[in-house]
Amino acid sequence: MAATTLYQSVGTLQSCRNNGNSGLCPDYGHVSFRSVSKGFKVDVGLLRGGSFCSRKRSTCVIQASASQATVFDEASAPSSATTSDSNKKTSEASLILIRHGESMWNEKNLFTGCVDVPLTTKGVEEAVEAGKRISNIPVDMIYTSALIRAQMTAMLAMTQHRRKKVPTIIHEESEQAGAWSQIFSEDTNMQCIPVVTAWQLNERMYGELQGLNKQETADKYGSEQVHEWRRSYDIPPPNGESLEMCAERAVAYFTEHIEPQLASGKNIMIAAHGNSLRSIIMYLDKLTSQEVISLELATGIPMLYIFKEGRFIRRGSPPAPTEATVYAYTKKLAQYRQKLDDMFE
């Protein structure tokens, strides 16, 4: 069910250099501080051939320019102002994974892969429902694939979050794109959540199957052959990627760019695709190649993990607002929800 489905994460992209043009972004226990300026840019480095985010360096950096202000989110501040080394050691971060809602080619039963198609009306509704499920979970930063169906899912989900911060896609595909998308209001910056798009999180590339009807393809090549292309771990479709090849790029990106943000205490949401998320779950849950091929992820159902003391702990899928289930929040998430209640009710 939902507990075997999907999860996505968002954390704040903060690797700031302490010099005249950038601010220090420390994390004190459960209190997340970040530097905000009149404008900032994010350089997300290349990973095995390139990134849609930046071509400039191999690390994730937010560089602040102009005047700076240190800001923290009241809702994520601890009840006690006391911080210590022991608090830092026991800090935790949330990781939310969401498979995109139904796409127009899902509806038509076509192999989609890396073809860039949007959500259906049902997919939009699924994304909104996913947002309701995570509306009480802190989100500092969002990662999506470079494909519109994943980006739509992330944006629509965040319209339901109680903090009402605005997800803002970081454009660093060129120097001009970065310059033209700057925000020149510190107050507005404080109410934004950076969204990084990365081709490494794209769906598995289905090669010569892309655009073909799944049933017609099975009739032509045989259901066993098509099942092998779709569900084996290391056998790719003609001129396409196997799950193993997809996992190589997706997991490498996760460990190099996303996991360090979680380790620093940032809460992350990832909106991506069935195969790229299966690959990441394989890493998080230490699944074998045989176990991962049987893993099915429902569209639009978030899965929550807690990152604590270097380990990923699966918490299952947060319930919908209409469900009577009592969800097992951690103490930190329960405190965050209580502060949202105090702020907005």
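A polar contact is a pair of N or O atoms within 3.5 Å; within protein, one must be able to donate a hydrogen and the other to accept it, and residues adjacent in sequence count only if both atoms are side-chain atoms. Keep that in mind, everyone, for His100: its side chain makes a polar contact with the side chain of Arg149, at 3.3 Å.

A word on what we are looking at. This is a predicted model, where local features need pLDDT of at least 70 and side-chain atom pairs count only at pLDDT 80 or more, while totals for chains, interfaces and linings use all residues. Residues are numbered from 1 along each chain as its sequence is written, and side-chain values use heavy atoms, with hydrogens and water left out.

Where does His100 sit? His100 is in the loop between strand E4 (92–99) and helix H2 (104–107). Helices (H or I, at least four residues) and strands (E, at least two) are DSSP runs, numbered from the N terminus. Glu203 is in the loop between strand E7 (192–197) and helix H7 (214–221).

Are they buried or exposed? Buried means under 20% relative accessible area, exposed over 50%, and partly exposed in between (1.4 Å probe, protein chains only). His100 is buried at 2%, and Glu203 is buried at 8%.

As for neighbours, contact means heavy atoms within 4.5 Å. Leaving out residues up to four places away in sequence, His100 touches residues including Arg149 and His273, and Glu203 has Arg149 and His273 among its contacts.

Now for the rings. Rings of Phe, Tyr and Trp (its six-membered ring) pair if their centres lie within 6.5 Å; planes under 30 degrees apart count as stacked, over 60 as edge-to-face and the rest as tilted. That rule gives seven aromatic pairs. In one of them, Tyr143 and Tyr253 have ring centres 6.1 Å apart and planes at 75°, so this pair is edge-to-face. Tyr143 lies in strand E5 (residues 141–144) and Tyr253 in helix H9 (residues 243–263), so the pair ties together parts 110 residues apart in sequence. Both tyrosines are buried.

Finally, ring pairs link Phe254, Tyr283, Phe307 and Phe312 into a cluster.
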